[in-house]
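Welcome! Let's walk through this structure together, starting with the overall fold and ending at a single residue.

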Amino acid sequence: MSIRKYVSSATTVLRQRADDWEAAVRQAGGLLERAGTIMPAYTNAMIKMVKELGPYIVVMPGVALAHARPEKNVKQNSIAIVTYENGIHFGNESNDPVYVVFAIAARTDDEHLDLFQAVAEFIIGEGNMERLKNAAVYGDIGF
């Protein structure tokens, strides 16, 4: 399963700045909102998850996978990608700062797993994360 099925230039922004983790998650969710794939309630739910459960979404050094339960707030399966030059602190001692936020939006639990698999395959793909971190424009990522 390829991540490029769920990502577009409209849902990817590179070399951004954010004041804190909440602003970073709002940026990523906002991309999906503007693309018409989620409702604003989904972005709020992603933030609520972190506030309630802590920075568990920071899954490895430098990478956060923002997500929430579908609850009819997702119109179309999609993924946003936002990179941060200076890194964002989520409060995860072992994996902060975060340089890449993936916002994952799926309509169902099964599709949720499919999107996570697509992101995981991208992350472990040779050179993918390095290209993403260094990308200045969408085409540099090499989807």
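In what order do the elements of the protein run from the N terminus on? They follow the pattern β-α-α-β-β-β-β-α-α, which comes to 4 helices and 5 strands. Here helices (H or I, at least four residues) and strands (E, at least two) are DSSP runs, numbered from the N terminus. Please keep in mind that this is a predicted model, where local features need pLDDT of at least 70, side-chain atom pairs count only at pLDDT 80 or more, and totals for chains, interfaces and linings use all residues. Residues are numbered from 1 along each chain as its sequence is written, and side-chain values use heavy atoms, with hydrogens and water left out.

Next, the overall dimensions. The C-alpha trace spans about 35 × 30 × 25 Å along its principal axes. Of the 143 residues, 49% count as buried, meaning under 20% relative accessible area with a 1.4 Å probe, protein chains only.

Now let's zoom in on one residue. Asn 77 sits in the loop between β3 (63-67) and β4 (78-88). Is Asn 77 buried or exposed? Asn 77 is buried, because its relative accessible area is 13%. Leaving aside residues up to four places away in sequence, Asn 77 touches Tyr 6, Ala 105, Ala 106, Arg 107, Glu 111 and Leu 115; contact means heavy atoms within 4.5 Å. With Arg 107 there is also a closer look to take: a polar atom of the Asn 77 side chain lies 2.8 Å from the backbone nitrogen of Arg 107.

Methods:
Buried means under 20% relative accessible area, exposed over 50%, partly exposed in between (1.4 Å probe, protein chains only). A polar contact is a pair of N or O atoms within 3.5 Å; within protein, one must be able to donate a hydrogen and the other to accept it, and residues adjacent in sequence count only if both atoms are side-chain atoms.
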